[in-house]
Amino acid sequence: MKALSSPNWIKSGFYSVGSRASILIFGFGTFYFLVRLLPKNDFGAWSIFLTITTIIEMSRNGLIQNALIKLLHSYDAESSSKVVTASWVLNVVYSMLVYLLLVLISPFLQDMLGMDGLASMFYYFGITMLLLIPISQYNYLQQANFSYNGIFWTAFVRQGCFFLSVLLLYLLNFRPSVSLLVLIQAGCTLLALFVAFFVARKYMVFKFDWEVQILKKVFHFGKYVMGTNIFSLFFKSVDQLAIGYFLNASGVAAYSAAMRLSNMVEYPATSVAEVAYPYSTAQIKAKGEQVTKTIYEKSVGLTLTITLPIVLFIFLFSDFIIFVIAGSQYSEASEILRITILFGLVTPFNRQFGMAMDSSNRPHLNFMLLVLALIINVITNTVGIQYFGLIGAAYGTLASYVIISILGHAILIKYFDVSFISIYNAMISFYEQAYQFAIKRMVGDGRQQT
């Protein structure tokens, strides 16, 4: 699979990983200072807010992103403006409907979870939702054109601006309300919009070219991916929502501290999938869906190459890491971290399963598996929390991850004859390549010095 080592893949992968890394680094830095700046209850409310708004943003991506990329590669150049117009219309309608729903349900959610200020946070989030409409469109067009530098700089500015704002609040010893944090987030998103427009302007289609049939095609493909993203994010959020419901906001804060670190290992899987999806879609059109097997096995192998050392390190030093990052008041999170970090050994299989299903035009199978995953996770978390308390949420989620991974792998064997041994061999091969590259660099540097 030479294309996996081609300059385009390396460049695209660099920017995609860089985009995720900026989210990770700035998000981690923001967490580091907010966990010290906010009371536990406020930090718990902020964690729930981020969980729900992430679901909203990812469901938007699911509805539009993959459908736009696939259809732009399926239609001729003359019809591309119709596909882009359809994506804009869906984006605007989606944002309006979701915000209306937020306004209606946020007071009930605030009362149910006992978190003051949660409703006002969602009211103000409407500003960010409006700004994200053009930002997301610009990012989708860049990804469809195998360009990731604009996506990187947009994420860098948005996340970096928010991190610097929180750092300033910390240095001034000013304790903000959670509503003020949402408004600061909106201001940072506005700055990111200017960056997104500047970088993506060469890919923009300004022609409003309306066709109902294409709108329906975008929607019908995207509805499965959106459903998959929603159920996937609900699946990932069940543990925190269940803790908030069965326990309290302080429990959410402690669990969130562990999950913030565990989420580190998801970024490589997401970055690889972002690059693999448009490439896989183009390759399937050119060579047939048999290429899915190799792309899946290489992608999972590459992701595991990156995540395995991270998982081992955090598992062994979780006590020290939690103490340094969150402080002694979150010491209970270290045992939770030892369980949640193991998610990183399963996530690559689940993430690349979704890539394989979407690119081979089987998004309904991905959607159906995620519905089943959500049901299983609700059951395992409810049982786990009832019997083991806070750490039971981690046990329950890990169990559901493993079950769904096994089922997904069985589906891939049926359709593409994928092999776990091939994935293992790919991972070993990537380690050997990295080792040989390091040796050559060391030998080359040694010769230059002599």
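Colleague: How do the residues lining the second largest pocket divide into nonpolar, polar and charged?

Modeller: In this predicted model, the lining has 17 nonpolar residues, two polar and no charged.

Colleague: Which residues lie nearest the centre of that pocket?

Modeller: Of its 19 lining residues, Ile52, Ile55, Leu101, Ile105 and Phe234 lie nearest the centre. The volume of the pocket is about 420 Å³.

Colleague: Which helices supply the lining of the second largest pocket?

Modeller: At least two lining residues come from each of helix H2 (40-74), helix H3 (80-113) and helix H7 (212-246). H3 gives the largest share, with nine residues.

Colleague: What makes H5 roughly antiparallel to H6?

Modeller: The axes of helix H5 (residues 149-171) and helix H6 (residues 178-200) cross at roughly 150 degrees. Angles over 145 degrees count as roughly antiparallel, and therefore H5 is described as roughly antiparallel to H6. Their axes come within 8 Å.

Colleague: In which sense does H5 pass H6, left-handed or right-handed?

Modeller: The crossing of H5 with H6 is right-handed.

Colleague: Which residues make the contact of H5 with H6?

Modeller: On H5 they include Trp153, Val157, Arg158, Cys161, Phe162 and Leu169. On H6, Leu181, Ile184, Gln185, Cys188, Leu191 and Val195 are among them.

Colleague: How many nonpolar, polar and charged residues has this contact?

Modeller: The contact of H5 with H6 has 14 nonpolar, six polar and one charged residues. Arg counts as charged, so Arg158 of H5 is the charged residue.

How values were computed. Residues are numbered from 1 along each chain as its sequence is written. This is a predicted model: local features need pLDDT of at least 70, side-chain atom pairs count only at pLDDT 80 or more; totals for chains, interfaces and linings use all residues. Side-chain values use heavy atoms; hydrogens and water are left out. Axes are lines fitted to C-alpha atoms, for helices over the stretch in contact, and angles run from 0 to 180 degrees between N-to-C directions. Helices (H or I, at least four residues) and strands (E, at least two) are DSSP runs, numbered from the N terminus. Angles under 35 degrees count as roughly parallel, over 145 as roughly antiparallel, 65 to 115 as roughly perpendicular and the rest as oblique. A crossing is left-handed if the near helix is turned anticlockwise from the far one by less than a right angle, and right-handed if clockwise. Contact means heavy atoms within 4.5 Å. On a 1 Å grid over the protein atoms alone, a cavity is a set of points where a 1.4 Å probe fits but cannot get out, and a pocket is an open set with protein on both sides within 12 Å along at least five of seven lines; lining residues have an atom within 4 Å of a point. Grid points are joined across faces, edges and corners, and a volume is the space filled by probe spheres set on the points.
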